[in-house]
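Trainee: Could we go through this structure together, slowly, and talk about what a few of its residues are doing in the fold?
Mentor: Gladly; have a look at it first, and then ask whatever comes to mind.

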Amino acid sequence: MSEAAAPLSSASNATPARAFPQVKKREIFGWCCFDFANSAFTTIIITVIYARYFVGVVAEGAERAPAWWGWALAASQVVVILLSPLIGAVADAKAAKKRFLMTTALVCSVATMALYFVGRGEIWLALGLVAVANVAFSLSENLCSAFLPEISTPETAGQISGFGWSFGYVGGLISLVIALGIFKSGEGREPWIFVMTGAFFLLASLPTLLLLRERAVATPLRAGESYLKAGWQANVALLKELPQHRTLFIFFVAMVFFIAGLMAVVSFSAIFADQVLKMSMGETVTLFMVLQLAGVVGAVVFGLVQDRVGSKVALIASLILWVIVSVCVAGCQTKEQFMAIGVIAGLALGSLQSAGRAVVSMLTPPSRSGEFFGCWGFFGKLAALIGPLVFGELAAGFGYRTAILANGGFFLIGLVIVATLDLRKRALVAEAEKK
């Protein structure tokens, strides 16, 4: 079986989509460890602590603070949209996915630790550092996911993806426990939480560096050609080719909608708990610890369900849960109600992310995983641009409850589109093998 990367200049030279090499369990463990590591960033910075810290402390409760937060996250995703397809193609050509992966992890970690130096009123510095860290995080997420077709089969993609997401929720949970300990150690200790988060990401990603194997072989360049030029040519060719992969193309459209809703939830749920329900920092951290545990269960259980009964059932079930969660949160009045809804949200969060990544994996030729997951990143980051931006503006203009109800529409549209697709394993594999 071939492990060589496909020549960038021709999509037709890709190796058969299901030509998988032998993979050791420790390598799968190393891959899962990156989800464990990077979840500290998205849990602490984007979701639970820094989001509300920015609104309440750095921005000093300014009315437009939610919109500023949404715009910063959206701006970072514009950069990712421009870079991720190119980096995916170049990573394939240079057989450098792991090298790029660890570089982006380092940048994210350093920018996160630098948040320690941001004080009250330093809004632009805070948003700038968050944007840089989020760009690096998002690129690393794409690169990590691009390894999935190499370490899984159609029969195991859902399970391995689920293991990765469950590792991520465990990492998020442990980082929250450490953060809560720092918070309770004395007044004004929040900046040390950001230092811990960056260090956690960097140290916890070391098993990925040591255990995960780079299987691709660098593609020789023609005379006068550069990797950047070849990368752009490959991505232009892939975008032209994408409509031929009908299921993947339509799934990407559905993904834009439901990931937009998901990213809005991730970016604003802690701010809603603070600004609307008046939950303390300790109560918010406890809530998200429960949510992380539910996410572990959701990722593992739905990963197994997906491998047994198919991706469509897992995706539809999780999207229905998210529509229900959106309606319930919009009408939520008490902290206790929000806590109960959070458990359902945790189950739905893990299942939706795991199932979506596994579907793309099964539709991706292994020799072109960087390219295809670069496209996955493109559509995912387009969604991450739309969701927080729309939610932030709606929250600033019409209130959080209206924004939450409108956000449920993203999940509903995604549900309708997914319901039209044939996501049986046989159909997914057949499409992945198209030339």
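**A serine in a helix**

Mentor: With a relative accessibility of 9%, S39 counts as buried. Please keep in mind as we talk that this is a predicted model.

Trainee: Which helix is S39 found in?
Mentor: S39 belongs to helix α1, which covers residues 25-48.

Trainee: And what is S39 in contact with, leaving aside its neighbours within four places in sequence?
Mentor: Once those neighbours are set aside, S39 is in contact with G168, Y169 and G172.

Trainee: New topic: how many disulfides does the structure hold?
Mentor: The structure holds zero disulfides. Taking C33 as an example, the nearest cysteine sulfur is that of C32, and it is 7.2 Å away, with C33 in no disulfide. A disulfide is a covalent bond between the sulfur atoms of two cysteines, and here the cut-off for calling a pair a disulfide is 2.5 Å between the sulfur atoms.

Trainee: What about C328, how far is its sulfur from the closest cysteine sulfur?
Mentor: The closest cysteine sulfur to that of C328 is in C332, at 8.8 Å, which is too far for a bond.

Trainee: Which residue does R64 form a salt bridge with?
Mentor: R64 forms a salt bridge with E393, where the closest N and O atoms are 3.2 Å apart. R64 lies in the loop between α2 and α3, while E393 lies in helix α15, residues 369-398, so the pair ties together parts that are 329 residues apart in sequence. As for accessibility, R64 is partly exposed at 36% relative accessible area, and E393 is partly exposed at 28%.

Trainee: And K335, what does it form a salt bridge with?
Mentor: K335 forms a salt bridge with E283, the closest N and O atoms being 3.1 Å apart. This pair links distant parts of the chain, with K335 in helix α14 and E283 in helix α12, 52 residues apart. K335 counts as partly exposed at 30% relative accessibility, and E283 is partly exposed with a relative accessible area of 31%.

Trainee: I also noticed K278; where is it found?
Mentor: K278 is found in the loop between α11 and α12, and with 57% relative accessibility it counts as exposed. K278 also has a positive phi of about 60°, although it is not a glycine.

Trainee: Last one: which residues make the nonpolar surface patch of about 300 Å²?
Mentor: That patch is made by V78, V79, L82 and L83. Among them, L83 has its place in helix α3, and it counts as partly exposed, at 33% relative accessibility.

Key: Residues numbered from 1 in each chain as written. Predicted model: local features only at pLDDT ≥ 70, side-chain atom pairs only at ≥ 80, totals over all residues. Heavy atoms only, no water. Helix = DSSP H or I, 4+ residues; strand = E, 2+ residues; numbered from the N terminus. Buried < 20%, exposed > 50% of the residue type's maximum accessible area, 1.4 Å probe, protein only. Contact = heavy atoms within 4.5 Å. Salt bridge = Lys/Arg side-chain N within 4 Å of Asp/Glu carboxyl O. Patch = residues over 30% accessible without salt bridge, like charges linked within 9 Å, V, L, I, M, F, W, Y side chains within 5 Å. Areas by Shrake-Rupley, 256 points an atom, 1.4 Å probe, with all protein chains shown as cover.
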